Amino acid sequence: MTTAQPVSHQPTAHTTAHRTTSALLYLSGVTVSFDGFKALNNLSLLIEPGEMRAIIGPNGAGKTTMMDVITGKTRPDEGQVVFDGQADLTKLDEAHIATLGIGRKFQKPTVFESHTVRDNLLLALAGMRSWYKLLGAAPTKAENDRLAEILSIIRMEAQQHMLGARLSHGQKQWLEIGMLLAQNPKLMLVDEPVAGMTDVETETTAQVLREVNKSHSVVVVEHDMSFVRALGVKVTVLHEGSMLAEGSLDQVSADPRVVEVYLGR
Amino acid sequence: MMTRFLWTGMGRNLRLFVLLVLAVGIVVPALNLLMPKTSPFYVPAYALQLIGKYLCYASLALAVDLVWGFCGILTLGHAAFFALGGYCMGMYLMRQIGARGVYGNPILPDFMVFLNYPELPWFWHGFNHFWFAAPMVVIVPGVLALALGWFAFRSRVTGVYLSIITQAMTFALLLAFFRNDMGFGGNNGMTDFKDILGYSVQADTTRAVLCFASALALAIFLIISGAIIGSRFGTALIAVRDAESRMRFLGYRAETYKLFVFVLSAAMAGIAGALYVPQVGIINPSEFAPGNSIEAVLWVAVGGRGTLIGPVIGAFIVNFAKTYLTGALPEVWLFALGALFIVVTLFLPKGIVGLWAQIRARNLAKKATAA
Ligand SMILES: Nc1ncnc2c1ncn2[C@@H]1O[C@H](COP(=O)(O)OP(=O)(O)O)[C@@H](O)[C@H]1O
Ligand SMILES: [Mg+2]
């Protein structure tokens, strides 16, 4: 999984049978209601292996709820979520889904505050999850090397012994991205990574994510248009729980329906 | 691998503290046995018994802190595990009395003769052997903790609901053990013990050995806890405490981590209770009283939640104060306890150990500015 996969920008015109086999993630007709209110309404979405996808949409469009469904936090009322052509994620719990290879960065950064940056990454590092093995295990050479590599990608070598609680907001966001990398998931879900960041930090984050995308498929949710532009990937616009438009940023921002949704509010 | 596991977790402070506990466990009994009664260094029998008791309380406090300080579960029922361990030991000690009881029945303990039991209840079989009773001290509280934890953690019961469940558990056991037909001696419990492993429980040497055993148990619990908290398991455990759902999304089964520590902690509490009973000479349902579990939580709060040394210090200080006040000014104790709780919650969120660390940090800062 550490080898680079080609980034694909194909339009989503496949047959259903083909989709379930070649797509990395396939949502089909997913509906989630909260007391009758449909946060997701018959949403279908397809992510190719190696792809980075930006999901945009106004507040309350259902972006976070979509991630909740994919990661097993929320069970949909209807629809299917197929990962890697085989597992139906709607039947599995969070820990199981995580071990299948889906990592998630939350909208609100949640790093482990009483642990150091290094320990945060070590916890996230793929592999060791069995409680009894962890009782006796020291970090291996391979694990230490991987930690060093990740610390350099997220540009946090100098802070590796700092406690999570002492990090700035931007540093927490990067640590979270590092923790995602450490999990080495097949698919990374990144929810609003640049919220509250300065312009320079935003630019750095876009670079980090492009670097991450060399070896991982990524779905990133974001409001910040300059950031989405810096990513330079295919965009999906969500609105009221369904897909409104899909294509390059220029294409979707020329779409009159998208303009209405964004400007009509 | 085992020695590595046991040593990496032990910081220098913890190592010194374990040595201190062992030193108390050796010196106090030795001064009792070897010093002439006229010597100023002589430790009277009541003081020996008191220290032995405190050592058992300290083990209970450590057990509570493993669950509260490191899993984030505010347990209000840990005295129940302590009492169950105590009852297992009590059953062994009762059966050692044999025909020396008031009624002279070689099989049935006195209270069963008195209550007209036709024969020994099935669950009393085996308790005449130490090799059977000793593992039961761990198994009975351990299995209860496993069952309770399994259901509670799987259903993701947390916070105040979990606290209420633990409190309800100890209260239910209190009511159950009060009943004469339960077969555990009703509200009188079990007492008038004679021998343990063939030695009189009244003898000075037996008491000295029990005090030492209590210190040894505490030392071992400290070493095991230190190793667990210092391991990668411990890192994961603390992460589960601080952000459980985050750990789930990282692929950890949070409930397994909590369950392991909960069961281990119950087993520790059971052993502490088993060492406590022969030293105080009685076990009765009042050990299940909800207040006992709450007091144990207070020891931890006073000493320092989330540290390994804190609970031990807290157990000693609070119980020393309790022994002194209940003797000197009995009506003051409950108020003192309440006041202590308020003071600790408001001014010492990290207990005495936290205060000490704060003072040291301040002194270091002073030195740095002076230099
Ligand atoms: N647990 C919940 N209970 C009720 N309503 C919810 C819940 N989670 C989300 N919603 C509602 O669903 C809609 C979509 O929310 P969300 O997915 O967080 O939007 P976004 O991330 O796109 O801003 C919002 O209107 C929100 O209020
Ligand atoms: Mg959101």
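This is a predicted model: local features need pLDDT of at least 70, side-chain atom pairs count only at pLDDT 80 or more; totals for chains, interfaces and linings use all residues.
Residues are numbered from 1 along each chain as its sequence is written, chains are lettered from A and ligands numbered from 1 in the order in which they are written, and side-chain values use heavy atoms, without hydrogens and water.

Start with the interface. On the chain B side, 26 residues are in contact with 33 residues of chain A; contact means heavy atoms within 4.5 Å. About 2700 Å² is buried between the two chains, 61% of it from carbon and sulfur atoms. Buried area is the accessible area (1.4 Å probe) that two parts lose on being put together, summed over both. In chain B, Arg232(B), Arg246(B) and Phe249(B) lose the most area to chain A, together 34% of what that side buries.

There are four salt bridges between chain B and chain A, a salt bridge being a side-chain nitrogen of Lys or Arg within 4 Å of a carboxyl oxygen of Asp or Glu. Arg232(B) forms one with Glu143(A), with the closest N and O atoms 3.0 Å apart.

Is Thr236(A) buried or exposed? Thr236(A) counts as buried because its relative accessibility is 1%, and buried means under 20% relative accessible area with a 1.4 Å probe, protein chains only.

Conventions:
Buried means under 20% relative accessible area, exposed over 50%, partly exposed in between (1.4 Å probe, protein chains only).
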